[in-house]
Amino acid sequence: MPSNTSPSMSRRLFLTATGALSLGAALTACGGDSGKSQSATQPVSQADIDKAMKTPTELTFWTWVPNIAKEIALFEKKYPAVKVKVVNAGQGTPQYTKLRTALKAGSGAPDLVQMEYQAIPTFTITNSLLDLRPYGADALKSRFVEWTWGQVTGTGGEVWAIPQDTGPMGMLYRKDIFDKHGIQVPTTWDEFAAAARKLHRADPDVYLTNLAANQPAAWHGLLWQAGAKPYVSPSRSDITISVDDAVSKKLGAYWGGLAKEGVIGVEPDFTDGWYAALNKGTYATWLTAAWAPAFLSGSAKDTAGNWRAAPLPQWDAAKPSSGNWGGSTTAVIRGTGNAVQAAVFAQFLNSDPATTRMFTTEQFFFPATKALLADPAFTGDAPAFYGGQKVNEVFAGISSTVDADFQWPPFLDQAATDWTETVGKSLAGHADTVSALGSWQSRLTSYAKGQGFTVKGS
Amino acid sequence: MAAPRRTRSAGPLFVAPFMILFLLLFLTPLGYAAYLSLFQERLIGGTAFVGLDNYVQALGDSQLLHGVGRVALFFVLQVPVMLALAVLFALALDSGLLRLARVIRLGVFVPYAVPSVVAALMWGYLYGPDFGPFAQFARELSLPVPDFLSDTWMLGSLANIVTWEFTGYNMIILYAALRTVPTELYEAAAMDGAGAWRIAWSVKLPALRPALLLCLLFSVIGSFQLFNEPNLLTKIAPDVITSDYTANLYAYSLAFTGQQVNYAATVSFLLGLVIVIASYAVLLTANRRRTP
C-alpha cells in the first residue's frame, strides 16, 4: 500500500504516472499538505486488490441513508473478510461539519462518506478525498449517466466519488387544481408565469408554486437548467464567479417579479407550515427533483391521487433541458488506512446490479446508472399516489436533458449562506431580486479573494 | 516539625483537582483560541502568521459590531423584565400567602428544565404565521395575524423565549436568598408597624441585593452569548435571522460555514472581552450604589 511511502517518492510516482497531464494539473495535485500521505496514482494490480479484499478489515462509513445495511449485506456476502460499520453523522451539512472537524483534528474521520455532488469540490480543495482511478473507477464511467460523471471528476481527470443517486428536476403538479381552474400544464416559463397570475387571481388562497427563500439548492438547479455557469474553476486557485450574469439576471427578474407580484409563495421549505401547505393544496406545483415523488407520497398522504409529474417549464421549448437538485455519492477519505477495500466498497455499492436495484426498491432512490434508467421494471412503476402515472419514466426522460458541465464552487457552504441572505431575502421581502444578485456576487467575490483565490467575475 | 509539613502538602493536594480541570478545560482552550487568532489559514495559500491583523479587522467589522449591538439591546430589553418577574414570584412564594405554593414554584421552574433547543422549537411552532395557535386565534377573531417572526418582532420574540426559560431559574436563586433572611428582621419591622408591602420593599429587597447581582451577572453572560434560540429559529425565518444575527452566531458561522477558524477565534476572544467588560461595569455600578 503506497500510503506510507515518503512524499517525494509518491510525488515521483505521481509524475511518472501522469506524464501526459499538464504541469499545472500536476502541481495542483501536489500542492497540498506535503506531510499527508499521497494516494497512489499507479493502478493497483488485481492481485493486490484480491489480497486486500481477503484481509480482515473494518471500514467505517458515514451515511444518512436509511436501512443501508441491506445493501451492505450484499457486499459483505461477496467479501466476507471486510466488514462495514455504518455511522449516521447527520444528513448533509451537519455531517460535513463533523467531517471537517475530524479531518482538521487529524483523527476520527471515517474511511468512507456519503457526499452530495455539490459538496465534492469543497472537500477536494482541502485534499481530503482519495482519487479512485488507481482502483479501477475509470472503468465504471460508461455505466453512469453522463452528467453525474462530470460531477464526480476533477479537472485533472480524478474520480473523487462514485455516484449513488440523482435528482434531475421536474415539476410535480396538482391535476385536480389545474382541472378546476382550467389550467394547462405549462411547458414554457412564460406559460408558467401566466398560469401563476391566473390561478392566484381565481383563488387568492392558492399559489401556482412556492419558491423557498431558504433553498439555494433549488435556485442552483434552476440556474443549471437555464444554462448558467455560475462557478468555473479552470485550476485549483482560479475561479470565475458569475452569479449575476445575464442568465442569472433573467432568472432573478422572472422569479423576483412573480414574488413581488405576490402570485407565488416564498415560504421556507421543509418546515411545518410548508408541509401543511402542500397537504392543504396551497401550492398547485412543486418544482423539485426526482427524489421528490417518493418523498411527497410519504409526507402529503391526504392528497394521494391528485398529483402528476411533468418536466420543468422551458426557456427554449425546442431544446428541453433541466438541472439537478440533490442526490449523492460515496467518497473515500484520503487519510484512510484501507484505501483498496474502501475504494472497492464504494464502487460495488453504487454499480453492482443488485445493490443499485435495491436502492430503488428499498430507499426509493432515483438511480444514477444508465442500466436502471432504461430498465422497464424501474420505469414501469405506476404509483397510485400519482394516479397510476409512470413517474419514474418521466424523470428518466428528464435525466438525459441535464447539462453535464455544471460546476460547484470549492466553498459551497458560503455560497449557500450568502444566497439565502441576499437573493433569498429579496424573494421573501418582495424586494429587488436582480440587485440582490449583485450583493451575492460581491459577497462571494470578496470571500473568495480573502481565501486566496484568483477571482474573475462578471 | 512534622505537623506543619503535612498541612503544607495537603493544601495543594486539595486544590489540585480544581487546578487541573481549570487548566485543561478553561485556560488551555482560551490559550489555544488566542494562539489561533494570530494566524490566518486560507483555502489557497495555507496558514500564515498575521499578528494582530485579525483583531484590527474585527474591530472594524460591521457584522460583528451589529451582532454585539443587537445582543446589548436584547440585554436591555429582556433582563429587566425577567428579573422583575423572578423577584415578584420569589416574593410571592416567600410571603407564604399563596395557595399551592409548591405547584407554582415547580410550574415557574419547569421551563428551565426544558432544553433550550426544545423550547426554541416549541416557540417556533407557537409563533408560526400559518398554523401557530396565536395566528389561528387571531384569524378566528378576524384580527390581523401577529407576525412574530418578522424583522421588527424577532428580537422581542427571542426575548420572550429566553424570559420563559430563565425566570424560574432566577426565581429559585432569589427565593433561596430570601429564605436565609433572619425572621427577627420581619418581626422587628412588623412591630414598627410595617405592612407586608413595606416589609417586602424595605427589608426583603435590600436583602436580595447580592443574589440579584448574581442573577444580573449570569444574565449579562447569557445575553451576550445568545445562540441556541436564534440558531433554531433561523430555519423558519431564514431571511430575518442571518448568520451574523448575534455575535456568537457570527463566530459559529465563520468557523463552520466560511471555514475561517482563525477569524472565528478572534471574534470569540473579543466577545469574551466584551462580556468581561460588561460584567465588570455591572459589578462596579452595583458596588458604588451600595457604598454611597
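Which residues of chain B does UniProt list for "transmembrane region"? The unreviewed entry gives 12-35, 71-91, 103-126, 153-178, 207-227 and 263-286. UniProt positions follow the numbering used here, feature names are shortened, and annotations may be inferred rather than shown by experiment.

This is a predicted model, in which local features need pLDDT of at least 70, side-chain atom pairs count only at pLDDT 80 or more, and totals for chains, interfaces and linings use all residues. Residues are numbered from 1 along each chain as its sequence is written, chains are lettered from A and ligands numbered from 1 in the order in which they are written, and side-chain values use heavy atoms, with hydrogens and water left out.

Start with chain B. Its secondary structure comprises 12 helices and two strands. Here helices (H or I, at least four residues) and strands (E, at least two) are DSSP runs, numbered from the N terminus. The order of elements from the N terminus is α-β-β-α-α-α-α-α-α-α-α-α-α-α.

Two of the listed segments can be followed in the model. Residues 71-91 of chain B are 100% helix and 0% strand, with end C-alpha atoms 29 Å apart. Residues 207-227 of chain B are 86% helix and 0% strand, and there the end C-alpha atoms lie 33 Å apart. The unreviewed UniProt entry also annotates residues 68-282 of chain B as "domain: ABC transmembrane type-1". That stretch is 76% helix and 0% strand. Its end C-alpha atoms are 17 Å apart.

Now the overall dimensions. The C-alpha trace of chain B spans about 85 × 80 × 35 Å along its principal axes. Its radius of gyration is 24 Å, but a compact globule of 292 residues would have one near 19 Å. The radius is taken over C-alpha atoms, and the globule rule is 2.2 Å times the number of residues to the power 0.38.

Chain A has 20 helices and 11 strands.

Over all chains, the structure holds 13 salt bridges (a side-chain nitrogen of Lys or Arg within 4 Å of a carboxyl oxygen of Asp or Glu). One of them joins A:Lys70 to A:Glu362, with the closest N and O atoms 2.7 Å apart. A:Lys70 sits in helix H4 (residues 69-78) of chain A and A:Glu362 in helix H15 (residues 353-362) of chain A, so the pair ties together parts 292 residues apart in sequence.

Finally, the interface. Contact, meaning heavy atoms within 4.5 Å, involves 33 residues from chain A and 20 residues from chain B. The count between the two chains is one salt bridge. It pairs B:Glu41 with A:Lys104 at 3.5 Å, N to O. On the side of chain A that touches chain B, the elements giving two or more residues are helix H5 (93-105), helix H12 (272-280), helix H19 (412-428) and helix H20 (433-450) of chain A. H19(A) provides the largest share, seven residues.
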